[in-house]
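Subject: A structure for you to look at

Hi,

Here is the structure I promised to pass on.

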Amino acid sequence: MIKRLYEYRELLKSNIKKDIRGKYKGSFLGVLWSFVNPLLSVLIYAIVFPFILKNTQEHYVTFLIIGILPWNFFTTVISQGTFCVLANAGIIKKVYFPREILPISVATSGLINFLISCIIIFLFLIFSGIGVSIYLLYLPLIIFIQYLLSLAAIFITSAINVYVRDLEYIVNFIVQMLFYATPILYAKDLFIGSKMEWLIQFNPMATIINSYRDILYYQVSPNMTMLMGTFLLSILLLGISIKIFRKLERGFAEQV
């Protein structure tokens with residue numbers, strides 16, 4: 001697969017550029033929406049949780065930013081990636097190319113947008129007085145693990161969605177449920193000792209969000225046992241999902 005991707009690397013590059021440009025095509029603000037969208041989301045949660053639910057988290061807006069931006073990266077990749085094969089039905093029927101390019105380009109364009117939006121995180125860290133620490137060195141590893149996990153997910157969902165068109169609606173529902181099972185709006189210790197604690201422990205996105213918060217907000221080392229467990233899980237899922245994708249791709253041209 002790697003050899004085929006290398007042979008079609010120019011197509012992969014152009015597809016990634018198309019995904020990035022297409023997201024903001026015709027938009028007045030263009031790439032600035034990468035900054036505006038998460039800020040609007042944070043504004044809503046920052047009003048609701050501290051004042052209505054009496055949340056007392058210090059530097060809560062920065063706390064939210066660090067959780068919401070990685071989550072937006074994840075949900076954007078999942079929503080666009082699930083539909084990426086069907087969205088390219090025309091070219092799939094006419095031209096041969098490694099179909100793996102489609103989910104990889106979606107995940108990679110989402111990664112690039114996330115890296116751009118990380119500027120917001122650093123601005124909030126600086127102006128809130130939290131600053132940055134040596135634990136920032138863990139950031140590339142955490143981002144890479146999230147990229148692998150997201151890519152593994154859309155290899156499966158994009159392939160199955162060709163045959164089961166209802167899947168994208170099911171995936172959207174699962175992602176919405178997962179949002180509340182991930183410590184984005186609340187601290188990771190909120191459910192410790194409760195019956196809901198298992199949701200955090202077995203949720204790989206919870207580990208990833210907690211790792212971002214550990215190194216950026218709390219400025220401590222992430223839980224390497226949990227993070228490496230998520231890393232191994234992501235690699236395992238990626239291997240399985242690629243096999244599923246390659247098996248199902250044989251019927252893409254007839255189904256799309």
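Let me begin with a cluster: Tyr60, Phe63, Tyr217 and Tyr218 are linked into one by ring pairs. Rings of Phe, Tyr and Trp (for Trp, its six-membered ring) count as a pair if their centres lie within 6.5 Å; planes under 30 degrees apart make the pair stacked, over 60 edge-to-face, and the rest tilted.

Before going on, some notes on the source. This is a predicted model, in which local features need pLDDT of at least 70 and side-chain atom pairs count only at pLDDT 80 or more, while totals for chains, interfaces and linings use all residues. Residues are numbered from 1 along each chain as its sequence is written, and side-chain values use heavy atoms, with hydrogens and water left out.

Now for the aromatic pairs. By the ring rule, the count comes to 12 aromatic pairs. One of them is the tilted pair of Trp71 and Phe74, with 5.4 Å from centre to centre and 45° between the planes. These two residues are three apart in helix α4 (residues 60-82), so about one helical turn separates them. Helices here are DSSP runs (H or I, at least four residues), as are strands (E, at least two), numbered from the N terminus. Trp71 counts as buried because its relative accessibility is 5%, and Phe74 does too, at 7%. Buried means under 20% relative accessible area, exposed over 50%, and partly exposed in between (1.4 Å probe, protein chains only).

Phe73 and Phe114 make a stacked pair, because their ring centres are 5.1 Å apart and their planes are at 10°. This pair links distant parts of the chain, as Phe73 is in helix α4 and Phe114 is in helix α7 (residues 101-127), 41 residues apart. Phe73 is buried at 4% relative accessibility, and Phe114 is buried at 3%.

Two arginines are also worth a look. Arg213 lies over the face of Phe63, 3.5 Å from the ring centre, and Arg9 lies over the face of Tyr6, at 4.1 Å. A charge sits over a ring if NZ of Lys or CZ of Arg is within 6 Å of the ring centre and within 35 degrees of the ring normal.

Finally, which residues does Gly67 contact, leaving aside its neighbours within four places in sequence? They are Ile184, Ile209 and Arg213, where contact means heavy atoms within 4.5 Å. Gly67 lies in helix α4 and is buried, with 0% relative accessibility.

Happy exploring!
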